[in-house]
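Visitor: Could we go through this model together? I would like to begin with a salt bridge.

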Amino acid sequence: DLSACLVGSEMCIRDRSTDLYALGMRARNAIYASFFLLGFLGLAWIPRIPEIKDSLNLSDGQFGLVLLASTVGSIPGAQLAGRAVHSYSSKLVVRIAGAFLPVGVFVIGMAETVQILLLGLFITGFNVAFMDIAINGQAVEIEKHTKGRWMSSFHGFWSIGAFAATLVGGLIANFVSPRDNLIAIAAIGLFAFQFVANYMLPAEHDGHLGEPGKDDAGKVKLIGKESLILWALGIGLMCSLIPEGGAYEWSGILLQDHMGIGKGLNAAAATTFSLAMIASRLLGDRAFEKWGHVNTVKYGGYIGGSLWGIGLFTGMYISDSHPTAGLILVCLGFGAAGFGMGPFFPAFNLAAASIPGIAPSVGLARVGLIAIAAYFGGPTIIGLIAEVTSLPVAFAFPVVLYMIVGLQSKYIKVREIKQ
């Protein structure tokens with residue numbers, strides 16, 4: 001009868017919801033692992049940068065130009081990722097990027113000439129961007145299936161991976177060459193990515209086609225009325241990622257060449273930055289619930305940027321006469337910057353995936369195209385400023401960008417999770 005049909009239908013819906021929740025929770029753990037691996041491999045070479053730079057006899061300006069290779073790779077990586085995810089699935093894109101990202105790390109480790117280093121950075125930049133779009137797309141759908149907020153903690157695991165890379169590289173710097181360090185990490189990553197991909201959301205549940213029943217655009221013009229919000233979010237994210245790239249790629253050189261800090265300990269600022277960002281991102285989902293995405297990003301930008309600038313200025317000023325105190329102050333500044341920055345990337349990504357009429361993967365890819373290129377290109381700009389002035393002066397640039405992030409936070413609008 002009718003009542004039996006209704007009861008049966010309700011049970012069927014409930015069973016399907018339970019299955020999606022279980023699938024989402026399994027995929028959640030896989031995405032935690034994927035973000036960790038992306039941070040670990042993507043930044044594996046960071047603690048070895050001073051050695052690689054010195055081995056190739058590069059100045060600050062020359063090294064900044066070399067870093068452009070990552071930018072050149074990341075731009076097509078981000079652009080192609082959105083279309084690939086939308087056309088096929090995020091899981092397939094992760095498998096492809098997971099096979100080639102370790103190749104890039106391997107080539108960087110083998111680099112004995114600038115040309116080989118450029119090739120390694122290009123491959124790495126392309127696949128970091130390619131995978132980043134895919135796993136963020138998975139993250140958005142996992143939040144829907146599990147009816148919970150995980151995005152900030154997902155990015156927290158990226159920060160844990162980045163921290164692990166700087167910690168491992170710093171600890172073994174006096175015993176293991178950059179070549180052996182990076183080859184070992186590449187080998188681990190090659191197998192780990194393929195294993196983790198087995199547990200991600202399958203194509204039918206990863207939302208790569210957009211909202212069911214809605215005609216979400218699979219392509220968006222680069223310039224046009226419908227793309228204005230994407231540009232606003234992209235600029236905010238760009239101003240978030242340039243300081244992040246600068247903090248990781250120039251902090252070791254700042255400490256070694258301008259404060260006289262030796263090998264191993266010159267990773268202190270990057271390590272402090274990573275630890276603070278880990279804490280901030282693991283707490284970020286709670287902050288979003290309590291204060292909202294806009295306020296969390298706005299005050300993180302204003303306060304984090306201000307404290308970073310104060311720490312850098314005072315620490316560098318007294319470093320000649322009080323080197324230990326100077327190092328502590330600089331590291332505290334980097335810590336404040338990392339803590340303030342933590343929620344930036346998750347919030348802007350959630351907003352990009354929440355724009356009505358645009359498929360999440362396409363929104364993520366377009367914002368990523370603007371921002372990820374800046375992540376890799378930002379250190380080049382810092383290097384060029386350093387060449388004209390000095391590296392300590394050049395760090396004023398990322399500090400100013402924090403203030404712009406605070407201003408751009410007003411464009412963040414995140415779709416509510418349906419309970």
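Visitor: Is Glu141 buried or exposed?

Guide: In this predicted model, Glu141 is buried, with a relative accessible area of 7%; buried means under 20%, exposed over 50% and partly exposed in between, with a 1.4 Å probe and protein chains only. Residues are numbered from 1 along each chain as its sequence is written, and side-chain values use heavy atoms, without hydrogens and water. Local features need pLDDT of at least 70 and side-chain atom pairs count only at pLDDT 80 or more, whereas totals for chains, interfaces and linings use all residues.

Visitor: Which residue forms a salt bridge with Glu141?

Guide: Lys144 does, with the closest N and O atoms 3.2 Å apart; a salt bridge is a side-chain nitrogen of Lys or Arg within 4 Å of a carboxyl oxygen of Asp or Glu. Lys144 is partly exposed, at 26%. Both residues lie in helix H6 (residues 114-146), three residues apart; helices are DSSP runs of H or I, at least four residues, numbered from the N terminus.

Visitor: How many salt bridges does the structure hold?

Guide: Five. Among them is the one between Lys53 and Asp257 (3.8 Å, N to O). That pair links distant parts of the chain, with Lys53 in helix H2 and Asp257 in helix H9, 204 residues apart. Lys53 counts as buried at 5% relative accessibility, and Asp257 as partly exposed at 40%.

Visitor: Changing topic, what is Trp308 in contact with?

Guide: Leaving aside neighbours within four places in sequence, the contacts (heavy atoms within 4.5 Å) of Trp308 include Pro243, Ala247, Phe334 and Tyr402.

Methods
Helices (H or I, at least four residues) and strands (E, at least two) are DSSP runs, numbered from the N terminus.
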